[in-house]
Structures are given as C-alpha cells and as structure tokens.
Amino acid sequence: MTQPIIAILRGLTPAEAIPVGTALIEAGIDRMEVPLNSPDPLESIRLMATRFGGQATVGAGTVLSLPDVGRVADAGGRMIVSPDMNPEVIRETRRLGLESYPGVFTATECFRAIAAGATGLKLFPAGQAGPGLLQALRAVLPPEIPVYAVGGVGPQNFADWFAAGAQGFGIGTSLYRPGDTPEDVGARAREMVSALRSLA
C-alpha cells in the first residue's frame, strides 16, 4: 500500500542503498530521496533507481542547481526535492520529465513555484510554519497541487497536518539516521505506515 511519505535518506551510502530501500518498500513506503550532501549520492540513486525502478520513485534532495538536476536525471532519478524555490531548477526538472518539489514557506513562493511548473510543494520547515499557516495557504492554493509538510512532522501530528490540508510528509531522521540498520529503518517505517493507516 503506497503511503504519502517521502523518505529523506540524508547520509545514506551506496552500500546501504539497496538494503535500506528494500526495508522501506517492504514497509509500504515507495518514495525516497537521497540528499545531494550525502556520501556519493548519485551512486546511491543509480543503484536504487536500477533496482527499484518499477516499485518506487527514487530521486534527490537538497538539489540547488541546474547541473545537479541533470546529474540526477542521468543517474535514473525521477524526483527533485529542494529546500528552496528556484524557478530555473523547477523548469529544468520538468523539462527533463522529472517530478519537482521545491521548498516554500510563503504564498508568493508557492505561486511562483506553481507558475514554474512544480509537481507539488514542500512546506519547509513545517515545524516552524505550523498547520495554521498551511490551512491559510490552502484557502488560496489550487486544490490539485499537493503539499508535503517537511521538518518537525511525525505520527504525533499527522492528523493535524492532514486536517490543515497536507497531502503527505517528508520524513528524515525519524526514519533513517546514518548507521541505522535496515531492520531499524524497516521497524520505524512500519510504525509510520501504521499511524497513517489508523487515520484513514
């Protein structure tokens, strides 16, 4: 069962890519980003995209430049996630046929991202924004544009964010920290999925 979670695998190494990816998919999480400030991120993306291409959407996070977008595409990534809202990065991402999730915090950033072609929006840092800000933004945003809350979100507040209009979540250290075993990641992923299913 696909869940509205993007797993943020910051610090993942190529040696961990397949075992960790397998643990996430088996738990029901099939969207994964490897931030580009991880060790050899393009190799991890290449390995995961090759192994899980038919099962999962694999991409990169912390993508800040046009050359980075091209490198991720060449590695087989299908999703570009950024902490900022750069229209040029969004347009290049979409030109290459990849999904684009730029970081936004204000109404101006949201609408500029949508105008540039963003697939969805990453409200970041969501913990500082709070569900109230998203609820206010949702009153004016196109309903078909998904918003993912990223930063400071988890099972304890999934319900609040859904009520405010979030379609999904980006989950980082609550799922994966460098050095975690695949078993640890799988156990946490199952807990997250269970928490989401309880809200359905």
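1. Some ground rules. Residues are numbered from 1 along each chain as its sequence is written, and side-chain values use heavy atoms, leaving out hydrogens and water. In this predicted model, local features need pLDDT of at least 70 and side-chain atom pairs count only at pLDDT 80 or more, while totals for chains, interfaces and linings use all residues. Helices (H or I, at least four residues) and strands (E, at least two) are DSSP runs, numbered from the N terminus.

2. The sheet. Nine strands make an open sheet with parallel pairing, in the order E5-E4-E3-E2-E1-E9-E8-E7-E6; two strands pair if DSSP finds at least two bridges between them. The edges belong to E5 (99-101) and E6 (103-104), each with a single partner strand, so one side of each has no neighbour in the sheet.

3. A pair inside the sheet. E2 (residues 31-35) and E3 (residues 57-61) run parallel and are joined by five bridges. Pro 35 has Gly 61 in E3 as its bridge partner.

4. H1 with H8. The axes of H1 (residues 14-27) and H8 (residues 182-197) come within 8 Å and cross at roughly 25°. Axes here are lines fitted to C-alpha atoms, for helices over the stretch in contact, with angles from 0 to 180 degrees between N-to-C directions. The two helices are therefore roughly parallel to each other (angles under 35 degrees count as roughly parallel, over 145 as roughly antiparallel, 65 to 115 as roughly perpendicular and the rest as oblique). Pro 19, Val 20, Ala 23, Leu 24 and Ala 27 in H1 meet H8 residues including Pro 182, Val 185 and Arg 190; contact means heavy atoms within 4.5 Å. By class, this contact of H1 with H8 has nine nonpolar, one polar and one charged residues (Ala, Val, Leu, Ile, Met, Phe, Trp, Tyr, Cys and Pro are nonpolar; Asp, Glu, Lys and Arg charged; the others, Gly among them, polar).

5. H1 with H2. The axes of H1 and H2 come within 9 Å and cross at roughly 40°, which makes H1 oblique to H2. Among the H1 residues here are Ile 18 and Ile 25, and among those of H2 are Leu 47 and Phe 52. The residues of this contact of H1 with H2 divide into seven nonpolar, three polar and two charged.

6. H3 and H4. After H3 comes Gly 76, with a positive phi near 100°. H4 (residues 87-95) lies across E4 (79-81) and E5, running at about 160° to E5.
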